[in-house]
Amino acid sequence: MVVEQLPLQSVAGGALLFVGALVLLVVIAALLSAIEIVDAYEKRALTVFGEYRKLLEPGINFVPPFVSNTYRFDMRTQTLDVPRQEAITRDNSPVTADAVVYIKVMDAKKAFLQVDNYKKAVSNLAQTTLRAVLGDMELDDTLNKRQEINARIRQELDEPTDEWGIRVESVEVREVNPSKDVQRAMEQQTSAERKRRAMILEAQGERRSAVEKAEGDKQSEIIRAQGEKQSQILEAQGDAISTVLRAKSAESMGERAVIDKGMETLADIGQGESTTFVMPQELTSLVGRYGKHLSGSDVEADGAELESREFDDETRELIGLDDIAEIIGEIDEEAEMDLEAMEQEAQAIKEGKDAGTISDPDAVIEEMDQDFQGRTDGGSETASETDAEPSPDDGDDSTTN
């Protein structure tokens, strides 16, 4: 009997050990299943028997074992590549484009309950939006207005993704490429545009060169004309001075001839037998002046001074004794003023100012001739008036013994 009971006890002990080990394994599995460790950059959605319970925050969380499921959501900004899309622009030009979308999960509960796979959903929505935006623009705008394309795609994505608890932080279109035929046409257009600009620049350079040359020729001609004008003015002034001096010399020689003729007459009279002579007063005045110029004083005879008379104002004005220096001074002053005016006009021309105030050399010479002619005519009129008026002494004769 003792021999038969030993195996039964052994079997019972083995069964107990097995059950204990099984219970231990179940307890360990339950503990492992009940503990959820959530990382700091994520949240997890908890379901028990398929029912949503809550979001598990970062750290150690205890959940019902064996009947709980958790779904991980990365709360950091995530990058989604939008595959290359083909689109037809408004002006019927085929283009291909791809983009990058930056998203962030703002509400994990909505992202879990409102959409199956938020990443796939956002990517598909971004593809269709990219094609729609490109199709609503012309080719040149798709190539030049990248910021506008990005803003429009982001605006189109904001409303549906908000319902999913996703925020679209940024959209960047990486490449927009036209078809090869369009690219060749654009290259030809660019080449033609560059050639056109080169031709325009070359034409502008030639025009500028021609303008500068014309300006140089114009200034050269103006300076040459100014020189010729000054030369003509100086030549006219020299002729005027020479004419005045010749006139003065002729008048002086005429007076000298009258004096010489008078002296010969006096010699003839002295050879006569008469002791009483009647002589015009003008002759006595000329003789007195002649003697005064020879000796420095009037000749005295028998203690009586030979009376001589200076030229009166009308006679001096007629022969122009007082006007020579004044005329020469005026001519020099006018020449100096004309020279300054010419330098100012030349400087104005160099600075590009209006040269319409430049005087004509012929007009200047004609004006000087008229001025000189007026002076000559005035002197002649004065002489005529002097000859026409009777002298108070015409009727009186000087008697000289």
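Select helix H5 (residues 146-163), which lies across E7 and E8 and runs at about 145 degrees to E8; helices (H or I, at least four residues) and strands (E, at least two) are DSSP runs numbered from the N terminus. Contact means heavy atoms within 4.5 Å, while axes are lines fitted to C-alpha atoms, for helices over the stretch in contact, with angles from 0 to 180 degrees between N-to-C directions. This is a predicted model, in which local features need pLDDT of at least 70 and side-chain atom pairs count only at pLDDT 80 or more, whereas totals for chains, interfaces and linings use all residues. Residues are numbered from 1 along each chain as its sequence is written, and side-chain values use heavy atoms, with hydrogens and water left out.

Next, select helix H3 (residues 118-135), which lies across E6, E7 and E8 and runs at about 35 degrees to E6.

Now show the strands themselves: three of them form an open sheet in the order E6-E7-E8, with antiparallel pairing, where two strands pair if DSSP finds at least two bridges between them. E6 and strand E8 (166-178) are the edge strands, each pairing on one side only, and neighbouring strands of this sheet are turned by 20 degrees against each other on average, direction ignored.

Finally, zoom in on strand E6 (residues 78-88) and strand E7 (residues 94-105), which pair in the antiparallel sense over 9 bridges. Glutamine 78 stands opposite isoleucine 103 in E7, and threonine 79 stands opposite tyrosine 102 in E7. E6 and E7 form a hairpin with 5 residues between them, and in the turn asparagine 92 has a positive phi of about 60 degrees.
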